[in-house]
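I opened the model to look up a few local features. My notes follow in the order I made them.

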Amino acid sequence: LHRRSGGIMELEEGNELRSLNNGRDVERFHDSLNSISESFESEGKKRLVEGIDSYGDEDDDLERDSLDGEEDDENDALDMERASRFLTEFAEGAPDRKGPCDWADALFCLCFPRIGNMHVLFQTRCKNTGRSRLWCVVGPFWPCTLCITYPLLLLVALGLGFTFSQKYPVPLAVVWYLVAGGCLVFLAFTSCSDPGIVRREPKRIDRTWTWTGQTSSYRPSKSIYCRDCNCVIEEYDHVCPWTGTAIGKKNMCCFQAFVSSCALMFVLAIFITVAGTLFMANGTPHHKPVHHQ
């Protein structure tokens with residue numbers, strides 16, 4: 001009986017332990033289900049919030065794009081309104097802007113048309129396109145060229161040429177006159193040619209083009225508005241008062257030739273002086289003596 005009663009008690013204790021373990025397993029199972037459900041709910045909420053934020057960001061982007069489009073339209077309309085104030089063919093500034101030599105312009109250049117502060121001496125118009133072609137244009141510093149640069153070069157060329165022809169061999173004087181004449185010709189081409197005045201463009205042709213408020217026109221990337229010339233010059237380099245005009249794309253070659261010829265004149269003057277002095281020191285006359293009978 002004691003053994004049976006002990007066995008029964010052990011069975012009862014085992015059943016209780018099993019029931020307790022089963023209850024704990026069920027609780028653990030429920031806890032795991034609750035944690036999984038909570039994790040799904042939290043992830044769902046996060047995704048929902050992210051979706052709402054992304055939707056809001058898309059709305060913000062659409063609003064920004066619409067605002068940018070409206071601003072671009074307003075800027076284009078403003079640019080067209082500004083450009084309508086200037087009806088000239090070329091990208092020039094306001095006509096009331098005075099040049100550096102306005103007093104000389106008022107006295108001598110009243111009969112010639114102007115592009116900014118540039119004076120057009122001769123131009124032709126194409127019948128098909130109606131566009132003007134500039135053949136002879138002088139810059140805002142033309143009095144400096146006419147009254148200083150040309151007289152100075154002529155004085156040096158004629159004075160040294162006469163001296164070389166009297167003291168030194170004739171071929172040296174001939175070479176000097178040729179170089180000096182080329183220098184004057186290149187100066188004329190530089191000072192009287194179109195430096196590259198840009199035509200007016202009320203609309204942007206390329207993304208590299210920028211708006212110029214002084215001329216109310218778009219200009220290419222390498223073009224700059226010149227205050228002295230009061231217009232936009234293509235591939236603008238600088239304004240040279242000695243040549244009287246701006247140096248740009250169309251007269252850069254002539255300007256480089258003029259500067260090179262000036263340097264060549266300086267070197268040639270030194271060479272002729274040294275060579276002629278050595279020639280005379282050897283006692284060889286450069287002119288044959290004339291025998292009178």
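**Cysteines**

I began with C240: its sulfur lies 8.2 Å from the closest cysteine sulfur, in C144, which is too far for a bond. A disulfide here is a pair of cysteine sulfur atoms within 2.5 Å. I noted that this is a predicted model, in which local features need pLDDT of at least 70 and side-chain atom pairs count only at pLDDT 80 or more, while totals for chains, interfaces and linings use all residues. Residues are numbered from 1 along each chain as its sequence is written, and side-chain values use heavy atoms, with hydrogens and water left out.

I then checked C254, whose sulfur is 6.8 Å from the closest cysteine sulfur, in C253, again too far for a bond. My search of the whole structure found 0 disulfides.

I looked up accessibility too, taking buried as under 20% relative accessible area, exposed as over 50% and partly exposed as in between (1.4 Å probe, protein chains only). C240 is buried at 8%, whereas C254 is partly exposed at 23%.

**Strands β2 and β3**

I took strands (E, at least two residues) and helices (H or I, at least four) as DSSP runs, numbered from the N terminus. Strands count as paired if DSSP finds at least two bridges between them. Strand β2 (residues 118-125) pairs with β3 in the antiparallel sense over 6 bridges. F122 stands opposite C136 in β3. The hairpin has 6 residues between the strands, and there G130 takes a positive phi near 80°. In β3 (residues 132-138), 5 of the 7 residues are buried, so the strand is largely enclosed by the rest of the structure.

**N117**

I found N117 in the loop between β1 (114-115) and β2. N117 is buried, with a relative accessible area of 1%. I listed its contacts (heavy atoms within 4.5 Å). Not counting residues up to four places away in sequence, N117 touches R97, K98, G99, G139, P140, R227, D228, C229 and N230.

**Aromatic pairs**

I counted rings of Phe, Tyr and Trp (its six-membered ring) as paired if their centres lie within 6.5 Å; planes under 30 degrees apart are stacked, over 60 edge-to-face and the rest tilted. My search of the whole structure found 2 aromatic pairs. The rings of F164 and W176 have centres 5.5 Å apart and planes at 85°, so this pair is edge-to-face. The pair links distant parts of the chain, with F164 in helix α3 (residues 142-167) and W176 in helix α4 (residues 170-192), 12 residues apart. F164 is buried at 2% relative accessibility, and W176 is buried at 0%.

W211 and Y218 form an edge-to-face pair, 5.0 Å centre to centre with 75° between the planes. W211 is partly exposed at 21%, whereas Y218 is buried at 6%.
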